[in-house]
Amino acid sequence: MPELAPLLATTSGRKGSQSSLTQNVLLRPDVAFASGVLVLLLTVLAFYKEVVYLEDVMIQYPVAFILLPISGIGALALILPMFVFLCFREDFLHTNIVYPKHYFYVFRRTYSTVLQNNGKV
């Protein structure tokens, strides 16, 4: 597994800066787990609000029910890597899904594993 932390910590070009200190704190395992749970809860809340909004839209436009399965598939596709990140922490040391590059790494690794294992995580 490539370690993404050193790459991100050196992008500012300044050693000992406040931003690198913040990045180092965010890469601690306990902080990464807590922020992963927070991102997961916020994502679930966002999809819940989307479904509530779609229910209101479906009252005026009944054809909008087509968007519910699309929304569900999108929610599952975005949430599955978060569960993998939280459940298999030892495989994702020095990563935090708050960073988009780290989330993309977990996303890519999750779905490449799913494809290689015929749909099993």
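Rings of Phe, Tyr and Trp, the last taken by its six-membered ring, are counted as a pair if their centres lie within 6.5 Å. By this criterion, a search of the whole structure, which is a predicted model, returns 4 aromatic pairs. One of them joins Phe85 and Phe92 in a tilted arrangement, with 6.2 Å from centre to centre and 40 degrees between the planes. Phe85 is classed as buried, because its relative accessibility is 0%. Phe92 is buried as well, at a relative accessible area of 3%. A further tilted pair is formed by Tyr103 and Phe107, with a centre-to-centre distance of 6.1 Å and an angle of 40 degrees between the planes. Both residues of this pair belong to helix H5, where Tyr103 and Phe107 are 4 residues apart, or about one turn of the helix. Tyr103 has a relative accessible area of 17% and is therefore buried, whereas Phe107, at 27% relative accessibility, counts as partly exposed; the limit for a buried residue is under 20%. Ring pairs also link Phe85, Phe92 and Tyr105 into a cluster.

Helix H5 was examined next. The helix comprises residues 100-116, and its 17 residues should span 24 Å at 1.5 Å a residue. The buried residues of H5 are His102, Tyr103, Tyr105, Val106, Thr110 and Val114. Viewed down the helix axis, these buried residues of H5 fall within an arc of 160 degrees and so line one face of the helix. Pro100, Lys101, Leu115 and Gln116 are exposed on the other side of H5. After H5 comes Asn118, which has a positive phi, near 55 degrees.

Within H5, Thr110 has a relative accessibility of 3% and for that reason counts as buried. When neighbours within four places in sequence are left aside, Thr110 is in contact with Leu80, Pro81 and Val84. Tyr103 takes part in a contact with Leu78, a residue of helix H4. Leu78 and Tyr103 are separated by 25 residues in sequence, while their C-alpha atoms are 9.8 Å apart in space. With neighbours within four places in sequence again set aside, the contacts of Leu78 are Phe47 and Tyr103. Leu78 itself is partly exposed, as its relative accessible area is 36%.

The nonpolar core was then considered. The largest nonpolar core contains 14 residues, and those with the most contacts inside it are Leu40, Met82, Phe85, Phe92, Ile97 and Val106. Helix H3 (29-60), helix H4 (67-87) and H5 each contribute at least two residues to this core. H4 provides the largest share, 6 residues. Phe85, one of the residues with the most contacts inside the core, touches Ala32, Gly36, Phe92, Thr95, Asn96, Ile97 and Val106, with residues up to four places away in sequence not counted. Among these contacts of Phe85 is Val106, which is one of the buried residues of H5. Phe92, in turn, is both a contact of Phe85 and its partner in the tilted aromatic pair.

Methods: Residues are numbered from 1 along each chain as its sequence is written. This is a predicted model: local features need pLDDT of at least 70, side-chain atom pairs count only at pLDDT 80 or more; totals for chains, interfaces and linings use all residues. Side-chain values use heavy atoms; hydrogens and water are left out. The expected span of a helix is 1.5 Å times one less than its number of residues. Buried means under 20% relative accessible area, exposed over 50%, partly exposed in between (1.4 Å probe, protein chains only). The arc is that of the directions from the helix axis to the C-beta atoms. Rings of Phe, Tyr and Trp (its six-membered ring) pair if their centres lie within 6.5 Å; planes under 30 degrees apart count as stacked, over 60 as edge-to-face and the rest as tilted. A nonpolar core is a set of buried Ala, Val, Leu, Ile, Met, Phe, Trp, Tyr and Cys residues joined through side-chain atoms within 4.5 Å. Contact means heavy atoms within 4.5 Å.
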